[in-house]
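Let's take a walk through a protein model together. Have a look at the sequence and the 3D view, then read on.

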Amino acid sequence: MAYDKELAAAKKAASLAARLCQKVQKALLESDVQSKSDKTPVTVADYGSQAIVSFVLERELSSETFSLVAEEDSGDLRKEGAQETLERITKLVNDTLASDGTYNVSPLSSEDVLVAIDSGKSEGGSRGRHWVLDPIDGTKGFVRGDQYAIALALLDEGKVALGVLACPNLPLSSIGSNSQHSSPDKVGCLFSAKVGAGTDMQSLGGSPPIKVHVSATENPEEASFFESFEAAHSMHDLSSSIAKKLGVKAPPVRIDSQAKYGALSRGDGAIYLRLPHEGYREKIWDHAAGYIVVTEAGGVVTDAAGNPLDFSQGKYLDLDTGIIVTNQKLMPSVLKAVRESLDEKASAL
Ligand SMILES: Nc1ncnc2c1ncn2[C@@H]1O[C@H](COP(=O)(O)OS(=O)(=O)O)[C@@H](OP(=O)(O)O)[C@H]1O
Ligand SMILES: [Mg+2]
Ligand SMILES: [Mg+2]
Ligand SMILES: [Mg+2]
């Protein structure tokens, strides 16, 4: 079947990267967290995860035309004073590869790790195949000890062909605002989707996959919704006015990262609203894997004007104001409420 080998490689890469991230999150040191030039955080685990995914994909697929569009680069790690951080990343990568045991290679040098990180410098586009990686999506959540995801997708001729979301802290049971449990039981989910083949979920520990589907609710009043944990990433006041228009009763579920797409794909909630503040440009690695995980589970993803997302334009998504994710039945009413709220906001200025 088309993309079978690629999907297996992606699942292996994301699972191994998740193992590295879990180890770091358990014992996160203050020196592990740095600030990037855009003032957002990056940790040794973001770099380590990117190096692992790049290494595993190249090993498993040995393609001459390997192209990876990824969030991180080695610039800051090559600067003076970063030696210790780089050594820590190199050790994490080597320990993770050794714990897997399938790659019979001598330990990677720091330079090998830098090169693996920098293989993610592709610009993407509408021609050929490009892997798209967010080595840790939700770094702020990761640092807080909350939700994060390793998000990996494959673009083929500008379209998302497959995607994998590893969510090490996401409970295997529902986290919707209507769910009953208070203490999270087993955590660690791996979502995977291939175009035309539906969406699977399994535990990161390796349980057999099950097919998942988005919520079938047609009643907006019952439709609980997800949004960003960080108010700086999505306008909570705007989503609350949209929820009010729709008659949504449940409070919003606020979690970090594309774990929101994973949770929605199995029906934990029925709507995900992402309404960034003006001027923010969305990157493809923040949505590609989540997009196919939700759409293959029966959901719809559009921008705030109702247009489909276009992943073929390079690193950025060119879109109108925000992103709406829901099921087919609810989309018209959600879109209408979003348009009305945005118009009211614009006329209030
Ligand atoms: N100002 C602003 N507005 C909108 N989005 C931003 C902004 N700054 C950062 N980011 C991106 O948000 C990514 C994580 O957002 P999430 O919604 O998934 O999580 S949360 O907001 O932290 O709850 C986060 O991804 P990572 O950097 O991979 O963690 C960023 O790409
Ligand atoms: Mg980041
Ligand atoms: Mg991200
Ligand atoms: Mg990231």
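How many of the five residues of strand 13 (residues 299-303) are buried? Four of the five are, so strand 13 is mostly covered, where "buried" means that 20 or more other C-beta atoms lie within 10 Å of a residue's own, "exposed" means 12 or fewer, and "partly exposed" is in between, with C-beta atoms placed from the backbone.

## Before we start

This is a predicted model, in which local features need pLDDT of at least 70 and side-chain atom pairs count only at pLDDT 80 or more, while totals for chains, interfaces and linings use all residues. Residues are numbered from 1 along each chain as its sequence is written, and chains are lettered from A and ligands numbered from 1 in the order in which they are written.

Helices (H or I, at least four residues) and strands (E, at least two) are DSSP runs, numbered from the N terminus. Two strands pair if DSSP finds at least two bridges between them.

Find the open sheet: seven strands form it, in the order 3-4-5-6-7-8-9, with mixed pairing. Strand 3 (68-70) and strand 9 (210-212) sit at the edges, each pairing on one side only. On average, neighbouring strands of this sheet are turned by 20° against each other, direction ignored. (Axes are lines fitted to C-alpha atoms, for helices over the stretch in contact, and angles run from 0 to 180 degrees between N-to-C directions.)

Strand 3 pairs with strand 4 (residues 129-137) in the parallel sense, over three bridges, and Leu-68 has Trp-131 in strand 4 as its bridge partner. Now go to the other end: strand 7 and strand 8 (residues 199-203) are antiparallel, with five bridges, and Cys-189 is bridged to Ser-203 in strand 8. Strand 8 and strand 9 are antiparallel too, over three bridges, and here Asp-200 stands opposite Lys-211 in strand 9.

Strands 7 and 8 make a hairpin with four residues between them, and Gly-196 in the turn has a positive phi of about 80°. The hairpin of strand 8 and strand 9 has six residues between the strands, and there Gly-206 takes a positive phi near 105°.

What lies across the sheet strands? Helix 1 (residues 4-26) lies across strand 4, strand 5 (149-156), strand 6 (159-171) and strand 7 (187-194), and runs at about 30° to strand 6. Helix 2 (residues 44-61) lies across strands 3, 4 and 5, running at about 150° to strand 4.

UniProt, in an unreviewed entry, lists Glu-71, Asp-134, Ile-136, Asp-137 and Asp-286 under "binding site"; its positions are given in the numbering used here, feature names are shortened, and annotations may be inferred rather than shown by experiment. They span 216 residues in sequence, but no two of their C-alpha atoms are more than 9.8 Å apart, so they gather at one spot.

Take two of them. Glu-71 sits in the loop between strand 3 and helix 3 (83-100) and counts as buried because it has 23 C-beta neighbours inside 10 Å. Asp-134 lies in strand 4 and is buried as well, with 32 such neighbours inside 10 Å. Leaving aside residues within four places in sequence, Glu-71 is in contact (C-beta atoms, placed from the backbone, within 7 Å) with Asp-134, Pro-135 and Trp-285. On the same terms, Asp-134 touches Glu-71, Ala-151, Trp-285 and Asp-286.

Most residues other than glycine have a negative phi. Tyr-3 has a positive one, near 70°; Tyr-3 is in the segment before helix 1 and is partly exposed, with 18 C-beta neighbours inside 10 Å. Lys-39 also has a positive phi, about 75°, although it is not a glycine. Look for Lys-39 in the loop between strand 1 (33-35) and strand 2 (41-43). Is Lys-39 buried or exposed? Lys-39 is exposed, because it has 6 other C-beta atoms within 10 Å.

How values were computed. Two residues are in contact if their C-beta atoms, placed from the backbone, lie within 7 Å.
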